[in-house]
Amino acid sequence: HEDNKALYITLQNSAIVQLLLDLTSSPSTQHTGPTAIESNHCYENSALVYNFLHDFFINNDGLSKLVCWQTFKLSQIEGVVNGVPSLHVACKFTTNMLQQSSLQKQLFAVCLLSHLAVQYPIQQTLQLVMRCYNGQYLRQVNSPLCGLCCL
């Protein structure tokens, strides 16, 4: 019963994170584009969301991994990586994502890893990028992304 409760809470937390990530998307740019006020509010909202997510990921072990496995918009990756320092742990599980047969997960992992490498240019991250760029992980699943990279 306790395991089911913990799983339910984790799934709820993941849904909350996904909804909060949607708040970080740019305001609608219909015909005239966002006004300066809308852009400023969007930036402030994003900063608040990223600060909350940073603390939330620290206090909820494994939640960042679950959220990344669920993926989110590729256009949000750069902001999330820059705004949520605790997401550096994603380097540990991007290789598993690259080995999945899902092209969506592979593409997400490549883009996530590229932004992590820019934000955290440490030896471990750079080695992962080189393996990815050389197709070491992608060849294992015959990915069409093999040899391509969004770095």
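A: Let us begin with burial: a residue is buried if its relative accessible area is under 20%, exposed if over 50%, and partly exposed in between, with a 1.4 Å probe and protein chains only. This is a predicted model, in which local features need pLDDT of at least 70 and side-chain atom pairs count only at pLDDT 80 or more, while totals for chains, interfaces and linings use all residues. Residues are numbered from 1 along each chain as its sequence is written, and side-chain values use heavy atoms, with hydrogens and water left out.

Q: Is Cys68 buried or exposed?
A: Cys68 counts as buried because its relative accessibility is 1%. Cys111, at 10% relative accessibility, counts as buried as well. In the chain of 151 residues, buried residues make up 36%.

Q: How many disulfides does the structure hold?
A: A disulfide is a pair of cysteine sulfur atoms within 2.5 Å, and the structure holds zero of them.

Q: Which elements make up the chain?
A: Helices (H or I, at least four residues) and strands (E, at least two) are DSSP runs, numbered from the N terminus. The chain has seven helices and zero strands.

Q: How are two packed helices described?
A: Two packed helices are described by the angle between their axes and by the distance between those axes. The axes are lines fitted to C-alpha atoms, for helices over the stretch in contact, and the angles run from 0 to 180 degrees between N-to-C directions. Here H6 and helix H7 (residues 123–133) pack at an angle of about 145°, with their axes 9 Å apart. Contact means heavy atoms within 4.5 Å, and among the residues that make this contact are Val110 and Leu113 of H6, together with Leu126 and Val129 of H7.

Q: What is an aromatic pair, and how many does the structure hold?
A: Rings of Phe, Tyr and Trp (its six-membered ring) pair if their centres lie within 6.5 Å; planes under 30 degrees apart count as stacked, over 60 as edge-to-face and the rest as tilted. The structure holds two aromatic pairs. One of them is formed by Phe72 and Phe108, which are edge-to-face, at 5.0 Å centre to centre and with 80° between the planes. This pair links distant parts of the chain, 36 residues apart, since Phe72 is in the loop between helix H3 (63–70) and helix H4 (77–83), and Phe108 is in helix H6 (residues 103–119).
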